[in-house]
Amino acid sequence: MFKIIVDFFVPAQNDKSAEYQRRVRLVAYAIVVTMVFALFYVAASWVAGYFTGLSIMLGSWIGYLILLFLLKQGLNVFKVANIFGLIGIISIYGSIYFSGGFESPVLPWLASTPIVLLLIAGKKSGYFWAIVAVLIVLSFGLMDYLGLQFPKAYYESKEDYFTLSCQTGLVLIIFFISIVFENLRVKAFNQVTEQKNALETTLSELKAAQAQLIQSEKMASLGELTAGIAHEIQNPLNFVNNFAEVSNELIDEMKDEMAAGNMQLATEIADDVKQNLDKINHHGKRADSIVKGMLQHSRSSSGVKEPTDINALADEYLRLSYHGLRAKDKSFNVTLKTDFDENIGKLSVVPQDLGRVILNLLTNAFYAVNDKKKLNIEGFEPVVAVSTKKTGNKVEIKVSDNGNGIPQSLLGKIFQPFFTTKPTGEGTGLGLSMSYDIITIGHNGELKVETTEGVGTVFSIHLPV
Amino acid sequence: MEKILVVDDERDIQTLFEQRFRKEIKSGELEFVFAFSGEDALAYMENHESEAVLILSDINMPGMSGLELLRHLKKKYEKPPPIVMMITAYGDNENYSQAMQLGADDFLTKPVDFSSLKEKLKAKFV
């Protein structure tokens with residue numbers, strides 16, 4: 001019943017927030033419930049012969065009805081609520097005044113306005129109407145104190161009946177409006193919980209997607225490295241093969257010398273073979289460490305910091321990324337410059353992570369100089385430089401290029417995820433943003449960029465010692 | 001004595017050449033000197049002009065590349081120009097044509113086939 005009436009008066013306001021719409025329903029319910037009680041009051045006043053109160057209440061009933069239509073027209077819900085409060089308090093004031101004033105059984109009804117307004121229109125309205133209600137009580141008290149005689153316009157014989165119905169009505173109206181409030185609150189809370197659950201699902205899906213992206217970014221950079229790795233492994237493998245072949249020949253010679261009784265010569269050859277085996281071992285280990293480095297790069301980061309030779313790490317990735325690019329693009333050529341500070345010592349970092357950052361900066365640097373080279377500028381010699389330096393309690397790793405630089409308008413975006421200037425499919429746009437996180441969050445350091453358009457770019461990693 | 005200057009940034013190349021050509025070195029057929037960068041090679045040529053008649057150089061080296069070394073050598077030592085053979089892991093056309101354009105006498109790819117290199121060297125000297 002209530003619901004049908006409320007639905008009739010509640011306008012469809014899809015442009016308003018859910019909270020606003022909840023409040024409109026709440027106010028509509030409060031007015032409808034009040035109107036029902038007003039009719040009970042009219043009936044009770046009739047029985048008690050309180051015709052003044054009856055007229056006041058009928059008047060307010062019409063006021064409430066108009067208010068409902070105003071609400072339907074889309075009048076602001078806070079205005080409607082407070083006009084509702086105003087009509088209510090005026091009619092209560094009138095009823096009190098004409099039914100014995102300070103001693104009227106209607107007096108407690110003053111409590112209903114601030115409580116109901118607090119529930120339907122919020123704290124501010126609640127405070128306001130509480131003050132108004134208290135002032136009215138005080139004014140009745142003062143009038144009583146000053147000896148003013150209030151009219152008592154109901155049948156004396158019906159006083160108990162009148163008081164009873166007033167007090168019961170008060171208890172019930174506050175209770176009913178609170179129930180409406182509670183129902184709508186629970187409904188709103190459930191909605192929020194539902195949305196929260198939906199958001200949590202979305203968030204976990206996003207996290208999974210992010211992990212996937214990080215993995216594909218790693219794989220993409222691994223792809224860039226493979227050619228370089230192949231080249232880097234080729235060199236030690238050549239040595240392993242060559243020294244093994246030579247040793248084989250040497251053993252034959254040694255046997256000949258031994259057969260001929262030249263123990264002196266045989267021993268010399270044996271020494272050479274021994275030396276060769278050391279070399280084979282050395283180059284085997286070299287290839288091994290390159291493969292390990294590759295595996296380390298593709299594995300998810302252990303996240304464990306360990307003392308790391310920063311210079312060696314930077315050098316390794318410089319070689320790998322250079323050869324990687326070189327193998328992909330035969331015409332690619334660049335002068336590499338390194339300037340390593342030998343006094344850095346070992347630094348506690350997550351080597352895979354820092355390696356990825358360096359790799360990333362290098363790949364970008366190579367890309368930048370290669371881009372500029374395509375412009376065929378007279379006398380342009382592409383240079384990519386890596387340097388390390390220890391200053392105070394910080395270690396700085398610099399990767400610089402003499403490419404085209406980064407336009408000022410893009411500078412603010414380069415560390416944002418998914419920002420890339422590369423053609424679709426060439427860059428994930430995650431390199432620099434992940435690098436930034438690795439340095440700032442993972443290592444408590446800073447990643448800075450200085451760039452001049454047309455002159456070049458310097459990225460510098462600052463790590464605390 | 002005619003010397004072969006081998007230029008490569010991998011230091012073990014010296015041990016390898018000395019062993020691969022041990023018989024030729026022992027018999028005095030061939031003599032090798034080594035430089036581990038383009039810059040070192042140029043410095044050696046500066047001090048021992050006309051000693052090295054054949055230069056065997058890697059292309060991919062940090063600092064001065066083998067191609068740059070080749071350009072310097074061919075420009076500086078016009079008469080008689082030393083024989084320069086380039087060795088590289090990247091046997092691509094670009095590298096090859098660049099080396100040839102700069103006047104390289106031969107172009108080998110890694111891994112080096114030592115028996116064919118031996119043939120080539122002997123052919124140049126004998």
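A salt bridge is a side-chain nitrogen of Lys or Arg within 4 Å of a carboxyl oxygen of Asp or Glu. By that criterion, the count between chain A and chain B in this predicted model is six salt bridges. One of them joins the side chains of Lys279(A) and Asp12(B), with an N to O distance of 2.8 Å.

On chain A, helix 7 (159-259), helix 8 (263-298) and helix 9 (310-328) each supply at least two residues of the side that touches chain B. Helix 7 gives the most, with twelve residues. By class, this side of chain A has six nonpolar, eleven polar and eight charged residues.

The contact takes 25 residues from chain A and 18 residues from chain B. Between them the two chains bury about 2100 Å², of which 46% lies on carbon and sulfur atoms. Phe239(A), Asn242(A) and Arg326(A) together supply 23% of the area that chain A buries against chain B, more than any other three residues.

| Property of chain A | Value |
|---|---|
| Radius of gyration | 43 Å |
| Box filled by C-alpha atoms, along the principal axes | roughly 150 × 55 × 45 Å |
| Residues counted as buried | 44% of 465 residues |

A compact globule of 465 residues would have a radius of gyration near 23 Å, whereas chain A has 43 Å. Chain A contains twelve helices and seven strands. Among its contacts with a separation of 6 or more, 73% are between residues 24 or more positions apart.

Notes
Residues are numbered from 1 along each chain as its sequence is written. Chains are lettered from A and ligands numbered from 1 in the order in which they are written. This is a predicted model: local features need pLDDT of at least 70, side-chain atom pairs count only at pLDDT 80 or more; totals for chains, interfaces and linings use all residues. Side-chain values use heavy atoms; hydrogens and water are left out. Contact means heavy atoms within 4.5 Å. Buried area is the accessible area (1.4 Å probe) that two parts lose on being put together, summed over both. Helices (H or I, at least four residues) and strands (E, at least two) are DSSP runs, numbered from the N terminus. Ala, Val, Leu, Ile, Met, Phe, Trp, Tyr, Cys and Pro count as nonpolar, Asp, Glu, Lys and Arg as charged, and the others, Gly among them, as polar. The radius of gyration is taken over C-alpha atoms; the globule rule is 2.2 Å times the number of residues to the power 0.38. Buried means under 20% relative accessible area, exposed over 50%, partly exposed in between (1.4 Å probe, protein chains only).
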